[in-house]
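Let's learn to read a protein model together, one feature at a time.

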Amino acid sequence: MITDPVADYLTRIRNAIMANHRVVEVPASNLKKDITKILYEKGYILNYKFEEDNKQGIIKIALKYHPVSKLPAIRKIERVSRPGLRQYVGADELPRVLNGLGIAIISTSHGVVTDKEARKEHIGGEVLCYIS
């Protein structure tokens, strides 16, 4: 049993990038699906597909690399809030990653959003991860 599924999700992506894999498969959940959609919308991954099996389903993520230099689009991906120490922020304390060049993914009462969207809607929540 995995105690922190989001950390497992981020670690699988990080390991696949370090090994220069094109596709990574991750066990699905609604939270992971929302994070994957945000990564796709912000241009950090090439594509994704949700596949159903008899259990919980699988998310297949196609990782994005620069065509010439072969550098990954995701340079750094790190977990912030964890089960032992949750990190909650108010609307006025939302973090900025790389002075606005990266994104922070926030779980709010309005769903999972980026730090910019949470700032625009003036809502706070749990900081899940930083991506740059």
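Q: What do buried and exposed mean here?
A: Buried means under 20% relative accessible area, exposed over 50%, and partly exposed in between, using a 1.4 Å probe and protein chains only. Take Arg79: its relative accessible area is 18%, so Arg79 is buried. Asp4, at 12%, counts as buried too. A word on the source: this is a predicted model, where local features need pLDDT of at least 70, side-chain atom pairs count only at pLDDT 80 or more, and totals for chains, interfaces and linings use all residues. Residues are numbered from 1 along each chain as its sequence is written, and side-chain values use heavy atoms, leaving out hydrogens and water.

Q: What is a salt bridge, and how many does the structure hold?
A: Look for a side-chain nitrogen of Lys or Arg within 4 Å of a carboxyl oxygen of Asp or Glu. The structure holds 9 of them. In one, Arg79 meets Asp4 at 3.0 Å, N to O. Arg79 lies in strand S4 and Asp4 in the segment before helix H1, so this pair ties together parts 75 residues apart in sequence. (Helices, H or I with at least four residues, and strands, E with at least two, are DSSP runs numbered from the N terminus.)

Q: Which strands pair with S3?
A: Two strands pair if DSSP finds at least two bridges between them. S1 (residues 23-27) runs antiparallel to S3 (residues 58-63) over 5 bridges, with Val26 partnering Ile59. S2 (residues 45-51) also pairs with S3 in the antiparallel sense, over 6 bridges.
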